Amino acid sequence: MRRLLPLFLTGLLILALAGCGGNETSPAQTADMEAMQTALLAADPTLPEMRSITGQVGDAETLFTYVSDLPYEKVDDFLLSYSAEGKADEIAVIAVKDPADAEAAADTLRAHLDQRLTLFRQYSPDEVSRAEKALVFTQDQYAVLLICDGNQDVKTAFEEFLTTAQ
């Protein structure tokens, strides 16, 4: 009997530990970036003709460096829409694998915005005031940059898209 008690207690401990493992929540799945891109562009009817890419293109890692210097292995997906006419309008969303990296991604978007402002001050001063009104924010695993006249409408569309995508 004394020999069975330790075995019984060990078995009970193993069962208790196995029961605890099933309650973990998985990280949020990244939204469909192409569908998000469509929704965000539709939210501001004043946008000029925009060129768009997502992280699904073949040279995504190279193209990503245009908007961010975040190590690409931390990125789950991204989208970028920018004015085909050389205007300030730009929408960028970075979905990171680990939500703890979202603020670092936002910092890279702020640095990108600073570079854009420097460029506009030199070559297109009329676009500076538009770029100065840009929004950079994070939500969940996303870092977002919005440079457009309807940035509040686009932010609302982003928030609504995430709500309906879940």
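**Asp101 and the cores**

Asp101 sits in the loop that joins strand E3 (90–96) to helix H4 (102–123); helices (H or I, at least four residues) and strands (E, at least two) are DSSP runs, numbered from the N terminus. This is a predicted model, where local features need pLDDT of at least 70, side-chain atom pairs count only at pLDDT 80 or more, and totals for chains, interfaces and linings use all residues. Residues are numbered from 1 along each chain as its sequence is written, and side-chain values use heavy atoms, with hydrogens and water left out.

Is Asp101 buried or exposed? Asp101 is buried, because its relative accessible area is 17% and buried means under 20%, with exposed over 50% and partly exposed in between (1.4 Å probe, protein chains only). Not counting residues up to four places away in sequence, Asp101 touches Lys74 and Val96; contact means heavy atoms within 4.5 Å.

Now the cores. A nonpolar core is a set of buried Ala, Val, Leu, Ile, Met, Phe, Trp, Tyr and Cys residues joined through side-chain atoms within 4.5 Å. The largest has 26 residues, of which Ile94, Leu109, Leu113 and Leu145 touch the most other members. Elements giving two or more residues to this core include E3, H4 and strand E5 (142–147). H4 gives the most, with 7 residues. Apart from this core lies another, of 22 residues, among them Met33 and Ala157.

Last, confidence. The chain averages a pLDDT of 85; pLDDT is the predictor's confidence in each residue, from 0 to 100. Over residues 4–27 pLDDT stays under 50, and the model has 0 contacts beyond four places in sequence for them.
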